[in-house]
Amino acid sequence: MRSVRLLLFIALALLPLGAWAQGGLQALTVTTNPGGGQTYSLSIQVLILMTALTFLPAILMMVTAFTRIIIVLSILRQALGLTQAPSGQILVGLALFLTFFVMAPVFNRINTEAVQPYMNNKISLQDGLQRASVPLRKFMMAQTRDSDVKLFAHLAGKTGYASPDDVPFSVVVPAFVTSELKTAFQIGFLLFIPFMIIDLVVASVLMAMGMMMLSPMIISLPFKIMLFVLVDGWALIIGTLARSFTT
């Protein structure tokens, strides 16, 4: 529940703050009829809140470490030559928990500075969203290349930001995703090199022995798995991914 609440707060933080009323969320609007009766209607703010819930999966993928992690793990599986092991569900689950591990400092700060004060009625919803956006923006800007920020700022027709805090989320989010894709493919390229060398060596040996009808993948797969296990590959990959987000 705590993680869902934090992600919901992040979803609200990405929405324009002007869409929320100064008085906070009101579940019902009561209108008194001329005849003395009352009419109850749901506030438009509740509709926006429920709509924001549907964007939680996209927010998890686009504004956290999930994108880089799942791409690297998928490339690793392909580099090993495995199609079913580990399965897609296992990779997604591993990427999800590793994402929460990497994002723990950001989520803790959001919970301390925004969620808890708002739940205790110490600040308004608008102030809470503003506070929640600060650590999230800091994390994304630390992982985003300046060239990507300049690209999307130019496409949006907005240039000359005085500081990173002035860059709107409409520019930060696509720039962050683009940078994450670049970084993930760079790490994936480095992962492919040792396994590609094994494939080349095995293919050359088989060709020299005249065994051209035998698929090199069948012979190289055990060697690649053995190499990955001997160097403690999972610990290296997960440790490298976790350290790649430190600034």
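**Two helix pairs in a predicted chain**

Let's start with a crossing: α4 passes α9 in a right-handed manner. From α4, the contact takes in Thr67, Arg68, Ile71, Val72, Ile75, Leu76, Gln78, Ala79 and Leu80. From α9, it takes in Glu180, Leu181, Thr183, Ala184, Phe185, Ile187, Gly188, Leu191, Phe192 and Phe195. By type, the residues of this contact are 13 nonpolar, four polar and two charged.

Now the geometry. α4 covers residues 66-80, and α9 covers residues 169-208. Their axes lie 9 Å apart, at an angle of about 20°. Angles under 35 degrees count as roughly parallel. The two helices are therefore roughly parallel to each other.

A word on what we are looking at. This is a predicted model. How far does the confidence reach? The mean pLDDT of the chain is 77, and 79% of its residues reach 70 or more. Which element has the highest mean pLDDT, and which the lowest? Helix α4 has the highest, at 89. Strand β2, residues 38-42, has the lowest, at 49.

There is another stretch to flag. Over residues 15-25, pLDDT stays under 50. The model does show 22 contacts there beyond four places in sequence. Where pLDDT is low, the predicted coordinates should not be read in detail.

Next, the overall layout. The chain has 11 helices and two strands. Reading from the N terminus, the order is α-β-β-α-α-α-α-α-α-α-α-α-α. The chain has 247 residues, and 36% of them count as buried. What about contacts along the sequence? Take those between residues at least 6 apart: 70% of them join residues at least 24 apart.

α5 is residues 88-102, and α11 is residues 233-243. Their axes are 10 Å apart, and the packing angle is about 45°. That makes α5 oblique to α11. The crossing here is right-handed. Which residues meet? On α5, they are Leu94, Leu98, Phe101 and Val102. On α11, they are Trp234, Ile238, Leu241 and Ala242. This contact divides into eight nonpolar residues, no polar and no charged.

Now two loop residues. First up is Asp232. Where is Asp232 found? It sits in the loop between α10, residues 216-230, and α11. The cut-off for exposed is over 50%.

Then Thr159. This residue lies in the loop between α8, residues 146-155, and α9. Buried or exposed? Thr159 counts as exposed, because its relative accessibility is 60%. What does Thr159 touch, leaving aside neighbours within four places in sequence? Its contacts are Ala153 and His154. Thr159 and Val149 are 10 residues apart in sequence. In space, C-alpha to C-alpha, they are 9.7 Å apart.

To wrap up. α4 and α9 run roughly parallel, while α5 is oblique to α11. Keep residues 15-25 in mind when you look at the model, with pLDDT under 50 throughout.

Note on methods: Residues are numbered from 1 along each chain as its sequence is written. This is a predicted model: local features need pLDDT of at least 70, side-chain atom pairs count only at pLDDT 80 or more; totals for chains, interfaces and linings use all residues. Side-chain values use heavy atoms; hydrogens and water are left out. pLDDT is the predictor's confidence in each residue, from 0 to 100. Helices (H or I, at least four residues) and strands (E, at least two) are DSSP runs, numbered from the N terminus. Contact means heavy atoms within 4.5 Å. Axes are lines fitted to C-alpha atoms, for helices over the stretch in contact, and angles run from 0 to 180 degrees between N-to-C directions. Angles under 35 degrees count as roughly parallel, over 145 as roughly antiparallel, 65 to 115 as roughly perpendicular and the rest as oblique. A crossing is left-handed if the near helix is turned anticlockwise from the far one by less than a right angle, and right-handed if clockwise. Ala, Val, Leu, Ile, Met, Phe, Trp, Tyr, Cys and Pro count as nonpolar, Asp, Glu, Lys and Arg as charged, and the others, Gly among them, as polar. Buried means under 20% relative accessible area, exposed over 50%, partly exposed in between (1.4 Å probe, protein chains only).
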